[in-house]
Amino acid sequence: MFERFTRGARATVKGAVAQAERAEADAVTEEHLLLALLEQEGGRASFAVTALGLHDRRASLDAAFAEARRRGGLTRADTDALADIGIDIGAIVSRVEGTHGEGALAAGRAGRRWWRSGHRPFTPGAKTVLENSLRVALGRGDRFIGEEHLLLALTAKPGVVADVLAEHGATYASVLRALYGPDADGGQGHAKAG
């Protein structure tokens with residue numbers, strides 16, 4: 001699959017590893033892939049990210065990811081569903097942090113298994129995004145996997161990254177329109193990867 005990655009897509013994957021290293025994370029996550037995409041310049045995904053205003057709202061994206069980590073990686077949908085049955089995640093997080101310190105529910109700094117192998121592994125979610133980028137590319141009839149396919153795959157995979165992107169106006173449909181124009185699906189309603 002990686003032989004199909006464009007230079008920009010490969011740079012994004014390498015950038016995701018660098019993001020994980022800077023965050024001292026045990027593994028490369030979907031969030032690291034998105035943050036690496038935000039740093040790319042000159043490609044289709046960079047154009048879409050700029051058109052959707054994500055570059056201008058980087059601090060807001062970072063804050064949304066920090067809040068999701070604080071909630072132990074629960075999405076807003078998860079939090080809302082639990083609230084519907086009477087479970088207040090905010091109260092739980094506050095109590096846990098009161099006892100164990102701020103960020104106690106945040107995942108990611110145990111083990112350091114990557115020290116033994118010399119590289120950080122990709123989480124199952126990040127691997128799924130990479131696999132789905134191939135599906136997106138094939139669905140579009142492309143013989144390559146570019147940054148734009150990675151961005152679309154990130155919006156299509158349910159979870160925190162897709163939720164944060166949607167909160168900032170970057171849904172699968174809006175990214176598709178930013179990348180390929182208002183008639184991006186040709187009226188056929190292409191299925192998204194996922």
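The crossing of helix 8 and helix 9 is right-handed, and that pair is a friendly way into this predicted model. Of the 194 residues in the chain, 43% are buried. Among contacts between residues at least 6 apart in sequence, 66% join residues at least 24 apart.

**Helix 8 with helix 9**

- Helix 8 (residues 124–140) packs on helix 9 (residues 147–156) at an angle of about 115°, and the two axes are 8 Å apart.
- Angles of 65 to 115 degrees count as roughly perpendicular, and helix 8 and helix 9 are therefore described as roughly perpendicular to each other.
- On the helix 8 side, the residues that meet helix 9 are V129, L130, N132, S133, V136 and A137.
- Their partners in helix 9 are H149, L150, L152, A153 and L154.
- By class, the residues of this contact divide into 8 nonpolar, 3 polar and no charged.

**Helix 9 with helix 11**

- Helix 9 also packs against helix 11 (residues 172–180), here at an angle of about 165° with the axes 9 Å apart.
- Angles over 145 degrees count as roughly antiparallel, which makes helix 9 roughly antiparallel to helix 11.
- Helix 9 passes helix 11 in a left-handed crossing.
- Helix 9 brings E148, H149, L151, L152, T155 and A156 to the contact, and helix 11 brings Y172, V175, L176, L179 and Y180.
- The contact of helix 9 with helix 11 has 8 nonpolar, 2 polar and 1 charged residues.

**How the helices are covered**

- Helix 9 is mostly covered, with 10 of its 10 residues buried; among them are E147, E148 and H149 as well as L150, L151 and L152.
- The cover over the buried residues of helix 9 includes helix 1, helix 2, helix 3, helix 8, helix 10 and helix 11.
- Helix 2 (residues 30–39) is mostly covered too, with 9 of its 10 residues buried.
- Those buried residues of helix 2 are E30, E31, H32, L33, L34, L35, A36, L37 and L38.
- What covers them includes helix 1 (7–22), helix 3 (44–51), helix 4 (58–70), helix 8, helix 9 and helix 10 (160–167).
- Helix 11 is likewise mostly covered, and 7 of its 9 residues are buried.
- In helix 11 the buried residues are Y172, S174, V175, L176, A178, L179 and Y180, and they pack against helix 3, helix 8 and helix 9.

**T12, a residue in helix 1**

- T12 lies in helix 1.
- With a relative accessible area of 1%, T12 falls under the 20% limit and therefore counts as buried.
- Setting aside neighbours within four places in sequence, T12 is in contact with L33, A36, L37, Q40, E147 and L150.

**Loops and helix ends**

- T29 caps the N-terminal end of helix 2, with a side-chain oxygen 3.3 Å from the backbone nitrogen of E31.
- E24 lies in the loop between helix 1 and helix 2.
- The phi of E24 is near 55°, a positive value in a residue other than glycine.
- For background, most residues other than glycine have a negative phi.
- E24 has a relative accessibility of 43%, so E24 counts as partly exposed.
- Just after helix 11, G181 takes a positive phi of about 100°.
- F122 is in the loop between helix 7 (114–117) and helix 8.
- Not counting residues up to four places away in sequence, F122 touches V13, V17, V28, K127 and L130.
- L130 also takes part in the contact of helix 8 with helix 9.
- F122 and E30 are 92 residues apart along the chain, and their C-alpha atoms are separated by 8.8 Å.

Key:
Residues are numbered from 1 along each chain as its sequence is written. This is a predicted model: local features need pLDDT of at least 70, side-chain atom pairs count only at pLDDT 80 or more; totals for chains, interfaces and linings use all residues. Side-chain values use heavy atoms; hydrogens and water are left out. Buried means under 20% relative accessible area, exposed over 50%, partly exposed in between (1.4 Å probe, protein chains only). Helices (H or I, at least four residues) and strands (E, at least two) are DSSP runs, numbered from the N terminus. Contact means heavy atoms within 4.5 Å. A polar contact is a pair of N or O atoms within 3.5 Å; within protein, one must be able to donate a hydrogen and the other to accept it, and residues adjacent in sequence count only if both atoms are side-chain atoms. Axes are lines fitted to C-alpha atoms, for helices over the stretch in contact, and angles run from 0 to 180 degrees between N-to-C directions. Angles under 35 degrees count as roughly parallel, over 145 as roughly antiparallel, 65 to 115 as roughly perpendicular and the rest as oblique. A crossing is left-handed if the near helix is turned anticlockwise from the far one by less than a right angle, and right-handed if clockwise. Ala, Val, Leu, Ile, Met, Phe, Trp, Tyr, Cys and Pro count as nonpolar, Asp, Glu, Lys and Arg as charged, and the others, Gly among them, as polar.
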